[in-house]
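Please look at the structure below before reading the points.

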Amino acid sequence: MTARLARITGTLAEARPLRDAGLYELVRVGTQGLLGEVIRFDGETATLQVFEDTTGLEVGAEVTATGSSLVAELGPGLLGAVLDGVGRPLAALAAATGDFITPGASAPMLARERRWPFRAERRPGDVVTGGDVLGTVVEGGLVHRVLVPPGVAGTIAALADGEHRIDEPIGQLADGTPLALWQRWPIRLPRPVAHRLPANRPLVTGQRIFDLLFPLAEGGTIAVPGGFGTGKTIVEHSLAKYAEADVIVFVGCGERGNEMAEVLHDFARLVDPRSGRPLMERTVLVVNTSNMPVVAREASVYLGITIAEYYRDQGYRVAVMVDSLSRWAEALRDIAARLQEMPGEEGYPTAMASRLGAIYERAGRAELLGTPARTGSVTLVCAVSPPGGDFSEPVTQASLRVAGGLWALDAQLARARQFPAVQWATSYSLYVDAVAPALGAAAGADWSELRRRILMLLQREA
C-alpha cells in the first residue's frame with residue numbers, strides 16, 4: 001500500500017537528511033524495517049510507497065535510507081528461482097520466517113554461499129568494454145555468460161579461473177574496478193543494446209492456431225485479452241512449456257494464489273522436451289499474487305523484464321509471460337488515487353497508456369553490446385483481464401495501440417471447451433509479412449496461401 005508520511009524532517013540515516021535522498025531511493029520504515037521507496041517530494045514532505053503491509057505503523061516512525069534504488073541482482077543462480085515482486089527469494093524467506101512472510105523480512109536475491117565454477121575467456125592485458133564476455137559458468141543446462149557491466153571499460157589487470165561466490169571478485173581492471181560474476185541493475189531502467197533489429201524471425205509457440213494464423217516474432221509483443229475463465233493463464237502456461245525460447249520469465253502479477261500454486265506444482269515436474277532436463281532449469285518465476293501489496297505488484301513487471309534483458313544480453317531468446325497487465329494497471333490506479341492525482345478514464349491515471357507503452361518498448365530483438373558479436377531477444381506476451389470481457393476498456397485499448405498482435409479469447413468458445421479459445425475473427429498479427437519467408441522455408445512454400453485460404457473459409461463461416 002502507499003503510505004504518506006507527512007513532514008518528515010529528521011535524518012534518514014547518519015548525516016543524510018531527507019532532502020538529500022533521491023527519487024525512487026529505497027528506504028526502511030519503522031522498527032520492523034518495512035521496505036519502501038520515495039516517489040514524491042513536496043517541500044519538506046516526502047511521499048513513500050511501501051512494498052509491505054503498513055498495519056501498525058506509527059506516526060513519527062523512523063525512516064532510514066539505503067542509498068540505492070530498487071535493483072535486480074543479475075548473475076548465476078537466477079534460473080530456477082522463485083521470487084516475490086521486489087526480488088526476494090521465497091524459499092529463503094520461508095526458511096527464515098516460516099510460511100508467512102514476516103514484515104521487514106529480507107533475503108538477497110542471489111545466494112551468497114554457493115560457489116560457481118568460472119572459466120575465463122579473457123586474459124590480463126585485454127581491453128574490454130561494457131557487454132564483453134569475460135568467461136562462462138555452467139548453470140543447469142545453460143551456459144551463463146559473465147559480462148562486463150554496461151558503462152564499464154578498461155584493461156584487465158587480473159582474471160582468475162576457479163570456483164567463486166557471486167560477491168567475490170574474479171579479477172579487476174587496471175584502474176582498480178573489480179570484476180565479479182554478478183551485476184546490479186535498476187529495474188526501471190532499460191538495459192542498453194548496440195542496435196535494434198527487425199522482428200523478422202518467428203518464435204514458434206507449439207500452438208497451431210498461433211503459428212499458422214497469428215504468428216509471433218522473436219522480440220515481438222502480443223496482448224492476450226479475455227474475460228474470466230477464457231484460458232489466458234492456460235495459453236501462457238502452454239507457451240512457457242513449449243515455445244522455442246531459451247529462457248522463460250513468468251511474472252504472476254496480481255493473479256489468484258491458486259494459479260501461481262499450479263505453476264509452481266507443474267513447472268517443478270515438467271521435463272523440457274528439447275533437452276530432457278527439468279523445465280525449471282531455464283525458468284524464472286516472479287510471484288506476486290492478488291493478496292500482496294499493490295506497489296510490489298507494480299514493481300514485479302519491471303523486475304521480470306530486467307531479468308529477461310540480462311539473459312538477452314548474453315545472446316539468448318527470452319520469452320516473458322505477464323499474467324496480467326490489468327492487475328498491474330489496477331495497482332497504478334490505486335497508487336494514483338492515494339496520491340490524489342487527477343483520474344483519467346475509469347479512474348486509471350492519465351499517464352497509464354504511456355507507462356504501458358514503455359513496458360512494451362522494452363521487448364525487441366537486438367544486436368548486443370560487446371564481443372563476441374551476438375544477438376538476443378525479449379518477447380513479451382501479456383494477458384489482459386477486461387471486466388466482463390469488454391475489450392473497449394482502457395487497459396485493453398492502450399495495449400492494442402502498442403502491441404504487435406492480438407490473441408483475443410472468446411467466452412463462448414471457452415464454454416464449448418475449445419482451447420485455446422481464440423476468436424479468429426477478432427485476432428490478428430502484425431508480424432505475418434515479416435516472418436512469412438522464414439515460416440515458408442520451414443513449413444513449405446505454400447504456407448502463405450494455405451493461411452489465406454483458411455482465413456477466407458473462417459470469414460465465410462462467420
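The largest pocket has a lining of 23 residues, and Arg88, Phe100, Ile101, Met292 and Pro293 are the ones nearest its centre. The model is predicted, so to speak of local features a pLDDT of at least 70 is needed, side-chain atom pairs count only at pLDDT 80 or more, and totals for chains, interfaces and linings use all residues. Residues are numbered from 1 along each chain as its sequence is written, and side-chain values use heavy atoms, with hydrogens and water left out.

**Pockets**

- A pocket is an open set of points on a 1 Å grid over the protein atoms alone, with protein on both sides within 12 Å along at least five of seven lines; lining residues have an atom within 4 Å of a point.
- The largest pocket holds about 510 Å³ of space, where a volume is the space filled by probe spheres set on the points, and grid points are joined across faces, edges and corners.
- Helix H1 (residues 90-97) gives the largest share of that lining, 3 residues; helices (H or I, at least four residues) and strands (E, at least two) are DSSP runs, numbered from the N terminus.
- By class, the lining of the largest pocket has 11 nonpolar, 7 polar and 5 charged residues. Ala, Val, Leu, Ile, Met, Phe, Trp, Tyr, Cys and Pro count as nonpolar, Asp, Glu, Lys and Arg as charged, and the others, Gly among them, as polar.
- The second largest pocket holds about 420 Å³ and is lined by 26 residues, with Gly229, Lys232, Thr233, Arg256 and Glu259 nearest its centre.
- Helix H3 (232-242) and helix H4 (257-269) each supply at least two residues of the lining of the second largest pocket, and H3 gives the most, with 5 residues.
- The lining of the second largest pocket divides into 5 nonpolar, 12 polar and 9 charged residues.

**Cavities**

- There are 2 cavities of 30 Å³ or more; a cavity is a set of grid points where a 1.4 Å probe fits but cannot get out.
- The largest cavity has a volume of about 50 Å³, and its lining includes Gly131, Leu147, Asp313 and Arg374.
- The second largest cavity, of about 30 Å³, has a lining of 6 nonpolar, no polar and 1 charged residues.

**Strands**

- An open sheet has 4 strands in the order S11-S14-S16-S17, with antiparallel pairing; two strands pair if DSSP finds at least two bridges between them.
- Strand S11 (127-128) and strand S17 (178-180) are at the edges with a single partner strand each, so one side of each has no neighbour in the sheet.
- S11 pairs with strand S14 (residues 154-159) over 2 bridges, and Val128 stands opposite Gly154 in S14.
- In strand S20 (residues 221-225), 5 of its 5 residues are buried, that is, under 20% relative accessible area with a 1.4 Å probe and protein chains only.
- Thr221, Ala223 and Pro225 point one way from S20, and Ile222 and Val224 the other way.
- S20 runs parallel to strand S25 (residues 375-384), joined by 5 bridges; Val381 is the bridge partner of Ile222.

**Cysteines**

- The whole structure has 0 disulfides, a disulfide being a pair of cysteine sulfur atoms within 2.5 Å.
- Cys253 is in no disulfide, and its nearest cysteine sulfur, that of Cys382, is 9.7 Å away.
- Cys253 is buried, with a relative accessible area of 0%, and Cys382 counts as buried at 0% relative accessibility.

Conventions
Buried < 20%, exposed > 50% of the residue type's maximum accessible area, 1.4 Å probe, protein only.
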